[in-house]
Structures are given as structure tokens and as C-alpha cells.
Amino acid sequence: MKPILEQLSNAVLSSINDADGRHEFIPYVLGDLTKLETHPWPLTQMSYMWCSMICENREIFEDWERLPLVCLEIGFRHLDPGSPYIGGATTHREHHRGLVDIVFNSWESEVIADLLHAWTASGPFCEPAEALLGFCAGHLVGLHDLLPFSSRLRRLVMRSVELIGCKGFEGVGVERFIELLNHLHVTAEDMDIKPRWAELFLETFQTHEGVQRLSDQYLGLLVELTISIPWTLRHPPVYDPQITKFLIEAQEWSRLEYWIGIVWMTWPPGAGGETEEGLEDSTLLLFRQRPGAVQKLEQCMERRYGTHDDIPEPFKRICKQAHEAAQRDAL
Amino acid sequence: MYASLLISLLAAFVAMLGKQWLNRYLRNSGGSVIERCGDRQRKCDGLEKWPFHSFVESLPLMLQVALLLLACGLCRHMWSINALVARTLISLTGLGITFYIAIVIAGMSSYACPFQTPASIALHSLWKKVRGRIAIVWNCRIRRRIVSSLVRSKRVLSRTHRMWKRKVLSLLHRQSSPTIPLEDVQVQQSESVSILDSPSQPESPSALDNAQSEPWLKSKELDIIRGTNTSDARCVSWILRNITDSEALDAALPVAGEIRWFDDGVDVNLPYDVIVSTFEACFDSTGTLYPGSRDRAYYSGRAIVWIRTLAMCKSEDFWGKFRLPAPIYTTPGPDPDLEHLLNAICGFLNRSYYIEWLLRIDPGHTHPHSQWISNMLLHHSWANWTKLDYEDLLDCISGTNETKSTVPLNTILNRLLVWCMFLGSPVEEEALRVQVKSCGIPSFTLQITHCSSLAIA
């Protein structure tokens, strides 16, 4: 099998380079390869290389736009969308950028999924093509309005979003990006790199659109991510106190409950003086409005820090004040 | 005389032993027809491997020696009794010995001579060896002289060439760039060539670059394949030529369509005429298939097409020696595989049509038939790939590849090799011999998966 594929790949590449007319057999070759039941790894790397070569030499083919799509199908359709790892050595080249338009203009969800798989895959011999994925951002945000998402496409769009990050979507409009996120209904099981998602949600929520539109589901998820991720290993985005103020002014108490929890766990007072005063006041205000939040946040903090002793003193003090106030009210 | 008596008894003893051995050879081991045939072939090969024929041939030789000793002993004994009778016996013995020597010389001089004896065969082979050795010695001396003279002239030429090259380069160097040393100029030239060449060369991924092209078959594997093929060829040829049992024929015909009949070492009488007559006997005078003859017609047809394709691989005019049955045969009901095959027999008249026929994937075909077709396609393309015009081929194959049904892996791999040839990359002959081309998949995939899991870990 291996010598056959090697010889075939060399024959395909030399026929494209020579452009002596023999390259017209390539559609038939690709047609046969789509019928394969077993797909060894070299086929993935070969077909991905052919994509680039076809895009580079597009003028020699009569119907060139179909060929890269078939190449992607051969290389990536059979792969498990649940796993980003591949064994093949996919080398990303400049000419692969040409795939963006032809793939997204094909309106075929499986073909789009093939491309996203090619660019999000990683393994011992390849890296995700984050730079190339950035060119897909504009297409991805409107995709859910145009196509029904198959489970494979949904999974791969999520992985693409994870790699592109919130900043990659700033150019196409955060509002549309939030719509896409709300449509995807991402769960913890869908995440490959949880810290990246936590960062993405934090950044998105701290935008003007995000604080208003990001689904409550993601705030709950962000609380869980914040509990489970050791932030000491990563660099969280900078805290924006305006978000807390906005939520208080808008009287969004349930969202504020999530947010205050996230802030206490992500930016605990002591690290920077700026959050300390405003955060304590906001927390006290929240506890006054929603007395049930005290116990919830205490539980979250205990899960985050492991033991009650390790919880920051200011938080413990505020909780104590809240409990005393509740007892007074009860009397 | 006593020695003669003993040798005669020894000959009788060896003859009895030989009878016992032959009884064991004829014993039936049971199993299917093809198993029994295989067993027979193994025993037959064993007879050749262990020099059974030498034992059998030694019997008349022993009797001849015994006769000679008896005659000598009788003559000597009679000399002491009656000289006249003894002289008569001696002259008769001498006549007999002269006759025998004449027969041996006649048998040695010509292989076609009917008076062959073990001694004449042995002397003939000895003579051939001696003659061959003399020829080798003679040739070596001549060749050595030629080679040594060539080497001498080559040395002289290369010395002259180097001298002239040095002179021309130094002249050029002086004229073009007197400040840069000659070695630097050469380095710059080589660098500029590599830079110019690089954009046209496709970038190959590291995994492909690192993978050295492995031979299709190691010599040991090739020997095994050849040995099995030779054994099968002899077995099937023997069955088709000597056995009339229908079960044996039906078992041998499918194998006849897979044997490489023209390989080195296969020195059997190819039973092509038997296969063609078997195929023709499956149809009535109007060309309609007899009931119950479907499989025999199918497999004999496959063998016909296979043998002709192999002949085509061997040489251009060789395959024309194998006559085709008249293309008038029809199947009584829908039978895609057999219909396809009958079309092939007609298609041999037109090469382009034949390629189209071979390339078309019909979802109605059974997987074994698809695989066999792909093997035909590979051999046919290999035999003709330098002669086929790719533009004609493109016309032929348009629309042959529209089906989306899955195809067995081996079929696809055979077709991929064909595409390699159509794309201008020649395929090694060993590739044709490997029946199961997908055998490398599981180990390779496992290896890569193992690598990935290690990397992930």
C-alpha cells in the first residue's frame, strides 16, 4: 500500500508540474480514492499536498474548483471529528488559502467540515493552521444561518472557534460571533483545550455585546471552567470593572451572581488593588439582593481552593457579614 | 558368478522396494479434489527432489552388470572345462559388449536417438559439461584481453580529457573573472542552479521523504511466489490434460486463471486448447449457455482472458498465438459477471474498447470479479502503457468512474497502479506479482497510530 501511494503521489505531482495533458487523469484518480474503505495516514498528507498544488496550478485544469474539495474528502472525511490528532504530516502552504473561498462557496457542510478538520488537526507531525483559520472567521459567523450544522460540522466549527479565539472575530463583528456561540451550545465535553475556551468566554463577556447577549449557559460553564483550571499556569484577560457596574445598573442579578463568582476566582483581591474595593461592594450588594448566592459562591470558592482556609480573607469576611445580616433579618 | 547372483538378487530387492514406494505414492490422502491434486503434486515434486528415478534406473544397470559378470564368470569357468565352447562364449560376450558400446555411443551422440541407456545419458551430460567448461575458459581469455585493452584505452582517453578540461577552464577563468578562484565559480554556479530549480520541485512532506522506497518483493518472497506458481502450473496442467472428472476440472479452472503461465521456471505444456474447448463446450451451437455450466464457462473464460493478457505482457506478437473462441455467446438470464467476461472476449479485438471495459466499475459486479478485472487492467496497462495514447484513453474513460459504491481495497490499489502508469510513472514488474497489495496497511497504520499515541502521551 505504502509504495503504491508514494508512487501515485509522485506521479500526480509530476503530472501537475509537467502539465503535459496527463494531469487530466487526476479527477479519475481522485474518484477512485474516494471509494477507499481504509485510509492510511499518508493519504491524508498526500491529498492535502495535492490541494495546494492544484490551487497553485489552477489554470491547467478545466474544472479545478471541484478537485481540491475531492482531495479534502479523501484526506479528512474519514477522520474522527472528536479527535484533533492525526498521524499524517500536513504541511500548510500559502496556496491553501485559496481553499477558503471555494470551500465556503460550495455550501456543502461536509466539505466545510473537511477543510476545518485539515486546519484544526494537530499531531506529532503537524500543527493547526491558526493563521489560515483566521481567514475563515468571516464565513464561520454566518454559517449557521445558511446551513444546518451536522454533528461533525458543529464539532469542527467549535474547534475552529477555540483556535481562532475572540480576537480573531473582532474584525467580523463580535455580535455575530456571539450569535454563533449561542447557536453552537458548547458543552464541557466539546472542548479540546479548556483554558482556551475559558479565555474566549472571559474576553467575549467583557465586550459591550457579550455582557448583554452571551448565553447564561456559557456563564455557568465559565464558572465551572474557572473552578477546574489553575489560572496560575495561564494569563487571564484583564478585568474590566465596567462589566460589574453594567450588570448592577441593569439589575441582572442572576448574571451578576455568575460574574462575581468568576471574578473572585479569576482575579482574587490582593493581586491588584483596583478590583478590591469595587468588588467587595458589588459582592455585598449581590448578597443583599440574592441571599441564596452566598452559599453558592462559598461552595464554588471551596471547590476552587480545595479547603476553606485557602479562600481569600476578604471573601470570607464578606460572607460572614452576609450571614450576620441574614440572621439579623431573621430575628 | 556369485557376484552376479548377488547383484541379481539385489536388483530384485530394490524392485520390490520401489513397488512399495509407488504404492505409497498412489495412496489417496482424502480431502477435496484440489487438495488431492495438491497432495499428488507434492508427492510428484518429492519424487524429483529425492532421486527416485535413480533407483528405478539403477535396476536395469544392475541387471546389465550382473549379466556381464555372469558372462565373464561363465567364460572363465568354461575355459577350464572346454576351450572351444569357451571361445564361442567369449566371442558372443564380446559381440554383446560391442553392441552395447555402440548403443551407448549412438545414444550419446544424439538426444533424438531411441537407443538411450543410463550410460549414454550420463556420458552425454558429462560431455556437455566439459564442452561448456572449455567454452567458458576460451571466452574468458578472449574477454579478458578485450577488457584489458578497453581499460587501457579508457585511461588514455580520460587522461587526455582531464588535460584538455584543465586547459580550457583555466583559459575561461583568466578571461572572465581573474579575481575569483575557479572553485568558487563552480560553487556559485551550482547554487544558482539549485535556487532556480527549487520552485518547480514540489515540497514533499518529511514522512514521505524519509520513507525510502522499499522493493516490492524481497528475493526470498519472489522465490516462494515463483515456486508456488510453478507447482500450481504443473498441477493444474496435469489435471486439465489428464483428468476427465468434472469436479477436478471445476476446481482446476479457477486456478488456471491465476497462474503466471509464462514465468521463468514454468516449463509445462500450457493447456490453453483444453481451456478453450472447455469454454466452448459450455454453450450449445447457438451460443446459449447450457444449464449448470455457468461456473465452468465463467472460470474457463477468465482463464482464457488471463492467459492472453499474460501473453500480451510477454511480447507484442506472442499473444496473437492464442486463438479466441468465436464471440457469439450469450447468457440465459441476468448475470453481470459472466456478461462482462463475454464482452471481454469480444473486446480483445479492440484495444481501446478493452481498456474502457476494464476501467468501468459496475456496482452489479461481485467483489471477486471486480478484483480480477482490476488485475487484468493492471496487466493490460503494464503491457501497453507506452503504446497507448493518453488522449484516446481520456476519451475512453470518460464516464467510467461515476459510481459511488465502495470497491474492495485490492481493486482500488490495482487501479491506482494503473493511474500511476497513465500519469507517466512506470510500474515495476514485481508489483504485478503481488496479489494482495493491501497487506502493508494494518502494520503501517498501527505503527503511525502508535507513534501518535506516544506523542500524545
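Is D216(A) buried, partly exposed or exposed? D216(A) comes out partly exposed at 34% relative accessibility (buried is under 20% relative accessible area, exposed over 50%, partly exposed in between, with a 1.4 Å probe and protein chains only).

This is a predicted model, so local features need pLDDT of at least 70 and side-chain atom pairs pLDDT 80 or more, while totals for chains, interfaces and linings use all residues. Side-chain values use heavy atoms, without hydrogens or water, residues are numbered from 1 along each chain as written, and chains are lettered from A in written order.

**View 1. D216(A) pairs with R255(A).** Their side chains form a salt bridge at 2.5 Å, N to O (a Lys or Arg side-chain nitrogen within 4 Å of an Asp or Glu carboxyl oxygen). D216(A) sits in helix α14 (216-228) and R255(A) in helix α16 (253-266), so the bridge ties parts 39 residues apart in sequence (helices are DSSP runs of H or I, at least four residues). R255(A) is buried, at 5%.

**View 2. D250(B) meets R296(B).** Here the N to O distance is 2.8 Å. The pair links helix α9 (246-256) with helix α11 (294-314) of chain B. D250(B) is partly exposed at 36%, and R296(B) is too, at 23%.

**View 3. E209(A) and its contacts.** E209(A) belongs to helix α13 (208-213) of chain A. Beyond neighbours within four places in sequence, E209(A) touches V174(A), E175(A), I178(A) and L214(A) (contact: heavy atoms within 4.5 Å). Its C-alpha is 9.7 Å from that of G173(A), 36 residues away along the chain.

Definitions and conventions. Helices (H or I, at least four residues) and strands (E, at least two) are DSSP runs, numbered from the N terminus.
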